[in-house]
Every structure is written in C-alpha cells, then in structure tokens.
Amino acid sequence: MSLLWNREENIVLQESLLCLTGEPSPLRFPAQEILSVTCPILGTTYLPGKDYSLSEDGETLLLPEGSALPCLSREELLLSPQEAKPYPDPEANAVEGGLGGTFLRFSNQDFFACHQVEVTYRAKELPLPPVSPIPENRLRRCRQRLAQEKHLQATFIGDSITEGYNATEFLHKPPFQPAYPGLIAREWEKQGVRFLFHNRAIGGTESRQAMERKEEWRQDAPDLLVIAYGMNDLNTFQPQTFLQNLKAVQDDCRQASPRTEYLLVIPMRGNPQWKYTPPETSRLLQNTLLAYGKEAPEDTAVVDLFHFWNYMSQGKRFHDLTGNGVNHPNDYGHRIYAAALLHALAPQLFPL
C-alpha cells in the first residue's frame, strides 16, 4: 500500500478537497463508494447522508443543505483591497499579484487545512499513473546502499516546500504529518533501512542562493543530495542561469564529497491565477530539467514531480491540494511528493 492508495482494493487514501459553496466537489477518480470524510486538523468525521453524498456518476462529492463540512465561497478566495492584509504582514491573509490586479487568499498557517477535508473512497478503477522511474544506470551507489547496506544519508536543499511549510507537523497542528523529506525517511524505515537526513531547505530561497549557503549543506557529505529549487525562480526564470546555479552546487559538492549523488526535483505547479507562478514558465522549467537529466552524469537523476502533480490534480481545483493558497502543498500534497520520490528510487518497493 502506498501513501496515496491501496491498489489491491482500489481504495484512494485521504484525498484532499476544498468545498466551494453551491458547487460539487470533484474527486480525482470516479468512486464506487465513500468510506470516510474527515477534517484531520479539526478532528472531525462527517456523516454520510447528513453531511455529504456521492453523485450518481461517482465523480463528485455533494453537500446537502445543512452540511457540516467546511466551505468557502469563490469570493472568499479573491479578497478586495479593503479586506486584504498582504504578505509579509505578520497577519497576512492575502498576496498581491492575482491576475487582473486581485488579491489572492493566502495563509502560511492553518487556514486552508481547516477548510479542507480528506476523502477515502473505493474507486471504480485506478489507472497506472504515467511516472517513469529513474534509469537503472543512474544513482547506482545510492541504490546499492539502500538495497544491500540498508543505510543512507541524505541532505535536502530547496525552498519553503522542502523546508516543510504547511505540513501539519511544521504547523504544530494535528495530525502532525511530516513534510515530504520526513515521510520519505519514515517509509524507508518501514523497509528496514536506516535513512538519516538533514533538511537544509530555507523558505523564500531561489536556486542562486544555494551556493551562498553552501557551508550549511556541504559539510554533510551525504550519499544523496536532493536539490528542489524552482518555485521561487519562476518569476524571473532563465533556463541557462537556473542550470548554472544547479551545476555550481553539484560541482562544488563533487569536490568536497566525490561519492555524493544528486536527485533533482521539478516542483509542483503554483496557483495559475498568480502572476509569480505562470503555468507556461513551469512547463519551461520542467523541459529544462528533463533535458538536463538526459545529458547529466550518471550520478544525477531528475524526478518530474510537476508531471505527477498535474496527473494527481487532474479534474480537481488548485485549492484542493494547496497549503497556503499560492505555492505550497498541504499534507496530501506532501504525500504526493514523497510517493513520487520513493517510486523514482525504488519502484519495486514503492509502486504507484
């Protein structure tokens, strides 16, 4: 059983969604039956019939009148200048930069978690996602250590997504789920592997700042360096500059730790209504890293999380999976990250 589903029984586990007033709430896969609807951060379990029902085609969750499920209106996701307290105000509830000059609802705390529910359901079918594992000729040393020595030391560098923002453990709120680096370690430990890691990611950073902070990660000399930048690079993205920044990290680390291998992560997509995370630039970043992954040395591999994220959110709304409204995953999003990286390293142990 993976972090996302039980394929033997076609059960989708804790898929998140945010209900909008007066609208159906789309599920990723058509469902035969709903097994549970909960809001973990509130500790609430909702009642079938009274709080929700399944549409006849199984594609959406319906809320009857009087439902206790948390809901937002579309107007509450787009704030007026009078309502908005833009980031970086300590009490920020919005960010500027929405298309058309709007303010987008934003929260680095638990606002979205308190308005999202997690649905566990039996799907009519679970198609295999289009995810390619890492080629066997890449990351050979790490694969050997994981399979034979049952021990690996990893370091994660990147921005606020990797640091863990909006995972409930980071927020110190129930159910205290770790961000994706911690989830990856936990799943390897279930396999009897001693997976030690340092999380050196820092919120708000771009790829250029990785070398400015090299003393913070270089000393680790890890078996695996996970490099997960890109979300904060999107507004001014230049393919060659971005690659130069990542190559500088690898070149410097190779001098200090020749045995280190590298896993590069193409990030999730941001809010398409936010000018700082334009979809077309995300696709350009994806293509840039995929092309680099083909020509890079065998100590380097690329995980196309962007592609998998789009697959997992197909037919759903951006706010179903966001933790902050613009560019962070929620708990379910962190599980998507972890599942993709685990599968990339060991598809037999962690199938999708």
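**Pairings, cover and overall form in a predicted model**

Q: In strand 12, what is the bridge partner of A31?
A: The bridge partner is A123 of strand 12. The model discussed here is predicted.

Q: Why is strand 4 said to pair with strand 12?
A: Two strands pair if at least two bridges lie between them. Strand 4, residues 31-39, has 6 bridges with strand 12, so the two count as paired. The sense of this pairing is antiparallel.

Q: What makes strand 2 a partner of strand 12?
A: Strand 2, residues 11-20, joins strand 12 over 6 bridges, in the antiparallel sense. The rule asks for at least two bridges, so the pair qualifies. One of the positions involved is S16, whose bridge partner in strand 12 is E118.

Q: What makes strand 9 and strand 10 edge strands?
A: The open sheet has 3 strands in the order 9-11-10, with antiparallel pairing. Strand 9 (78-79) and strand 10 (94-95) each pair on one side only.

Q: Why is M211 called partly exposed?
A: Its relative accessible area is 25%. Buried means under 20% and exposed means over 50%, so M211 falls in between. M211 is found in helix 6, residues 209-212.

Q: Which residues does M211 touch, leaving out those up to four places away in sequence?
A: M211 touches W217, A248, V249 and D252. Also in this region, the C-alpha atoms of M211 and L246 are separated by 8.9 Å, although the two are 35 residues apart along the chain.

Q: Why does the radius of gyration of the protein chain agree with that of a compact globule?
A: With 352 residues, a compact globule would have a radius near 20 Å, and the protein chain has 20 Å, so the values agree. Its C-alpha atoms fill a box of roughly 65 × 50 × 35 Å along the principal axes.

Q: What share of the 352 residues is buried?
A: Buried residues make up 57% of the protein chain. Among contacts between residues at least 6 apart in sequence, 74% join residues at least 24 apart. The chain has 11 helices and 17 strands.

How values were computed:
Residues are numbered from 1 along each chain as its sequence is written. This is a predicted model: local features need pLDDT of at least 70, side-chain atom pairs count only at pLDDT 80 or more; totals for chains, interfaces and linings use all residues. Side-chain values use heavy atoms; hydrogens and water are left out. Helices (H or I, at least four residues) and strands (E, at least two) are DSSP runs, numbered from the N terminus. The radius of gyration is taken over C-alpha atoms; the globule rule is 2.2 Å times the number of residues to the power 0.38. Buried means under 20% relative accessible area, exposed over 50%, partly exposed in between (1.4 Å probe, protein chains only). Contact means heavy atoms within 4.5 Å.
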